[in-house]
Amino acid sequence: LKSLSPRLAVELGLPSLNPKHCDMLEGPGGEAPADRLRFAEILSAWEIPVRVRIDPLLPMLTDQKNVLDKFFNALARVGVARVAIRYLVLTPQRAKVLSPRLNRLHREMMKACFAESAWQKPTKGLSVYDGAQPFKRLPDAIRSSGHQRVLNAASRVGVIVDIMDPAVSYTHLRAHE
């Protein structure tokens, strides 16, 4: 890899620094967050750009200020300069898989976050959300306030954020310097 550094960039999936959250979101058996950070550090030392993908971001669990501050500090420490984020897009299948993995409190909070969202049918041929499954997105207010927390945490350590969620009104949304 080192010899390819001028022509290579790597994107690593890392939904959380918490190994239990990674297992919950990705299923057991994935690389530990500490191992992924170490890999990012090695790649950065070889001058290979690393972008981390925080996908999915979970409301009330992985998008809280203290969690994000710790996450972005760790990413900056290992040389990650760019992050892509996207909030959970809920499908019936994802709800079925995630529900037993969440503790009762987080399960109820997730239900409350998505309660006001209507199920949407994907446009045939255009959906990237599990084929033809209906899906729910978080309400714009929840997503935009979460995006603001992400941007603030990232800006404190100089990490660039690419928001992969569908657009919401961002006239008020900026990283605070």
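Biologist: Which residues of α3 are buried?

Modeller: This is a predicted model, where local features need pLDDT of at least 70, side-chain atom pairs count only at pLDDT 80 or more, and totals for chains, interfaces and linings use all residues. Residues are numbered from 1 along each chain as its sequence is written, and side-chain values use heavy atoms, leaving out hydrogens and water. Buried means under 20% relative accessible area, exposed over 50% and partly exposed in between (1.4 Å probe, protein chains only). On that scale, the buried residues in α3 are L68, D69, F71, F72, A74 and L75.

Biologist: What covers the buried residues of α3?

Modeller: Helices (H or I, at least four residues) and strands (E, at least two) are DSSP runs, numbered from the N terminus. The cover over α3 includes α2, β2, β3, α6 and β4.

Biologist: How far apart are the end C-alpha atoms of helix α3?

Modeller: The expected span of a helix is 1.5 Å times one less than its number of residues. Helix α3 has 13 residues and should therefore span 18 Å. The model agrees, with the end C-alpha atoms apart by 18 Å.

Biologist: Which residues is V83 in contact with, leaving aside its neighbours within four places in sequence?

Modeller: Contact means heavy atoms within 4.5 Å. With those neighbours set aside, V83 touches R51, V52, I54, F72, L75, V159, I160, V161 and D162.

Biologist: Which side chain does R51 meet in a salt bridge?

Modeller: A salt bridge is a side-chain nitrogen of Lys or Arg within 4 Å of a carboxyl oxygen of Asp or Glu, and the whole structure has 13 of them. For R51 in strand β2, a partner sits 40 residues away in strand β1. At 2.6 Å, N to O, that partner is E11.

Biologist: How many residues apart in sequence are D69 and R156?

Modeller: Their side chains form a salt bridge at 2.5 Å, N to O. D69 belongs to helix α3 and R156 to helix α6, so the pair ties together parts separated in sequence by 87 residues.

Biologist: Is R143 buried or exposed?

Modeller: R143 forms a salt bridge with D140 (2.4 Å, N to O). Both lie in helix α6, three residues apart, about one turn of the helix. D140 is partly exposed because its relative accessibility is 42%. With a relative accessibility of 5%, R143 counts as buried.

Biologist: What phi does E47 have although it is not a glycine?

Modeller: E47 sits in the loop between α2 and β2, and counts as exposed because its relative accessibility is 66%. Its phi is positive, at about 65 degrees.

Biologist: Which peptide bond is cis, with omega near 5 degrees?

Modeller: The proline concerned, P56, is in strand β2. With omega near 5 degrees, the cis bond is the one from D55 to P56.
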